Each structure stands twice: as C-alpha cells, then as structure tokens.
Amino acid sequence: MPAPVSTPAPSDHWQVGDVLLTSRFLLGTAGYPSPQVLREAILASGTGVVTVGLKRQLAVAGDNGFVAMIREALRETGARLLPNTAGCRSAREAVQLAQMARELYDTPWVKLEVVGDEHTLQPDPFELLVAAEQLARDGFVVFPYCTDDLVTCRRLLDVGCPLLMPWGAPIGSGQGLLNPFALRTLRERLPDTTLIIDAGIGAPSHAAQALEMGFDAVLLNSAVSQASDPVAMARAFRLAVEAGRTARLAGVMAKQDYAVASTPVTGHPFLIGGAP
C-alpha cells in the first residue's frame with residue numbers, strides 16, 4: 001500500500017544545489033565522550049550531513065581517533081561532510097579557513113561562521129556578508145550561520161548564498177527557539193528559501209517545533225554530545241524531526257482564542273457500536 005502523501009519519507013527530499021538529501025537533521029561532531037560514541041550517534045541520527053570544525057581538527061591533529069570515526073561513519077551512512085569556520089572572528093580568517101577546508105576535504109560546501117561577540121557568539125553580520133560574497137565568487141556552496149534578522153538574511157541571499165542558517169538561540173545554550181515571531185517572519189517572507197535552524201536547540205521538542213513552523217531542517221551538536229546518553233538522544237532527535245516534518249505536511253490546526261467543543265452536542269450523536 002503506498003505511503004500517504006503527507007508522510008516525509010521516502011519522497012520528501014530537499015535539495016542543496018544538485019544534491020538531494022532525505023534527512024532533515026544535520027549533526028555536529030564536537031564534545032563527544034569518545035570516538036565510538038560519536039560514530040554510534042551519527043548512525044542513530046540518520047543524518048545526511050555531518051559538520052566538522054577545521055580549527056578543532058587542526059588543534060587535535062595528534063589525536064585522530066575522532067577524525068577516523070567520522071570518516072568511517074560517513075562511509076557507512078553515505079552522509080556528506082560540511083566543514084565549518086567556527087572560531088573565526090573576521091572575514092579574512094574565515095575565507096582562508098574555508099579554502100583550507102576545500103583542499104583537505106575535497107568539498108565546496110562550507111558552513112560559514114564569523115563571530116562578532118564573545119559572550120553570545122552572535123554572528124558579525126558585516127564580516128559575514130564580506131566573507132559570504134567572496135566565497136560565493138570562489139565557487140563555494142555557502143551555508144551561512146546568521147541571526148534571525150530579515151534584512152541581513154536577504155543580503156546573504158543577494159551575495160550568492162543558496163540557503164540560510166538562522167540561530168534559534170546562542171550556540172550551546174539549549175534554550176530553543178527564543179524568538180518565534182522573527183523566525184516565523186523569515187519563513188513567511190522567504191517562502192522559497194531553504195532555512196535551517198542552527199544553534200540553541202536543546203531538546204527534541206525544539207527541533208519538532210522548528211519543523212512544524214516550516215523550517216527545512218535543523219543543525220545541532222551540544223544537545224546530543226552533552227546528553228547523558230548521546231546515542232539515545234540522537235535517535236530521539238531523529239524521531240522528533242520526522243514528527244515535526246510530518247505534522248507540518250499534515251497541517252497543524254489553527255489556534256483559537258476560545259474553546260471549541262470537539263464533541264458535537266447537537267444533532268445526532270455518533271455511537272460506537274450503535275445501529276446506523
């Protein structure tokens with residue numbers, strides 16, 4: 001029997017350039033208790049995209065256990081690697097790191113991060129735009145980590161970014177979607193743009209909420225790597241993402257300012273087992 005149209009699998013693919021993706025869950029690789037736990041979490045997540053911080057990899061070059069596990073998990077799952085420029089504070093630094101990542105990992109994909117505030121790790125919109133424009137000209141597929149500011153997001157699209165990655169809350173805070181109004185505005189004003197919530201998600205319910213709101217995917221790391229059981233949490237997020245996407249396609253009921261009886265109190269009641 002064919003699957004209902006409203007279910008996200010197997011035909012509910014999304015696309016970045018000419019690459020088709022089935023999972024709407026992107027997973028980071030930092031902070032796991034061991035390489036083996038990282039591998040098992042990647043497998044449990046069902047992710048199609050795994051992010052790696054180049055600065056972190058260079059810093060731990062003498063200990064390649066995590067790198068080996070990431071490569072093994074990518075081979076097992078067929079997931080794509082998304083290098084990121086985490087830790088960069090200027091456009092120039094981010095562009096240089098992206099170029100290194102392309103050489104090392106043989107991919108034009110880059111998650112572009114240019115941080116402007118040390119306390120919140122909020123992206124610097126000015127440096128981000130400069131770096132995004134340069135990288136787009138150089139043939140990169142730029143995944144920009146940005147805030148939920150509509151004007152900044154439009155400028156990033158104008159300079160060649162194929163999608164946007166607005167934050168839900170500060171990186172690693174686990175606070176969820178702090179500004180639903182701004183995020184809904186982005187979704188409504190940019191209806192044809194791929195939007196991925198990146199940063200701040202702490203619980204599977206936050207991921208489900210993002211997909212219910214119409215966002216195309218979520219990217220997270222700490223919520224899984226810092227869980228008591230990262231593998232189980234990766235599985236929980238996988239299910240939450242699938243549930244949120246299914247709910248979006250099914251059509252979440254509209255909110256009401258007043259009570260609406262779910263059981264009719266007039267006319268002919270429906271009696272289970274009764275005569276027609």
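Biologist: What share of the 276 residues in the protein is buried, and what makes a residue count as buried?

Modeller: Buried residues make up 46% of the 276. Buried means under 20% relative accessible area, exposed means over 50%, and partly exposed lies in between (1.4 Å probe, protein chains only). This is a predicted model: local features need pLDDT of at least 70, side-chain atom pairs count only at pLDDT 80 or more, and totals for chains, interfaces and linings use all residues. Residues are numbered from 1 along each chain as its sequence is written, and side-chain values use heavy atoms, with hydrogens and water left out.

Biologist: How many helices and strands are there, and what makes a run count as one?

Modeller: The protein has 10 helices and 10 strands. They are DSSP runs numbered from the N terminus: helices are H or I with at least four residues, strands are E with at least two.

Biologist: How do you know that the buried residues of α7 line one face of the helix?

Modeller: Start with which ones they are. In α7 (residues 180-189), Ala182, Leu183, Leu186 and Arg187 are buried. Seen down the axis of α7, they fall within an arc of 140°, so they line one face. The arc is that of the directions from the helix axis to the C-beta atoms. An α-helix has 3.6 residues a turn, so residues three or four places apart point the same way. On the other side of α7, Phe181 and Glu188 are exposed.

Biologist: What do the buried residues of α7 pack against?

Modeller: Their partners are α6 (150-158), β8 (163-166) and β9 (194-198). Contact means heavy atoms within 4.5 Å.

Biologist: Why is the pair of Phe25 and Phe237 called tilted?

Modeller: Rings of Phe, Tyr and Trp (its six-membered ring) pair if their centres lie within 6.5 Å; planes under 30 degrees apart count as stacked, over 60 as edge-to-face and the rest as tilted. By this rule there are 2 aromatic pairs. For Phe25 and Phe237 the centres are 6.0 Å apart and the planes stand at 40°, so the pair is tilted. Phe25 is in strand β3 (residues 25-27) and Phe237 in helix α10 (residues 230-250), 212 residues apart. Both are buried.

Biologist: What makes Trp109 and Phe143 a tilted pair?

Modeller: Their ring centres are 5.1 Å apart and their planes at 50°, so this pair is tilted. Trp109 lies in β6 (residues 109-112) and Phe143 in β7 (residues 141-146), so the pair ties together parts 34 residues apart in sequence. Trp109 counts as buried at 3% relative accessibility, and Phe143 at 1%.

Biologist: How do you know that the charged end of Arg102 sits over the ring of Phe140?

Modeller: The rule asks for NZ of Lys or CZ of Arg within 6 Å of the ring centre and within 35 degrees of the ring normal. Arg102 sits 3.9 Å from the centre of the Phe140 ring. Lys111 lies over the face of Tyr145, at 5.7 Å from the ring centre.

Biologist: Why does Ala199 count as buried?

Modeller: Ala199 has 8% relative accessibility, so it counts as buried. Ala199 is in the loop between β9 and α8 (204-212). Its phi is also positive, about 90°, although Ala199 is not a glycine.
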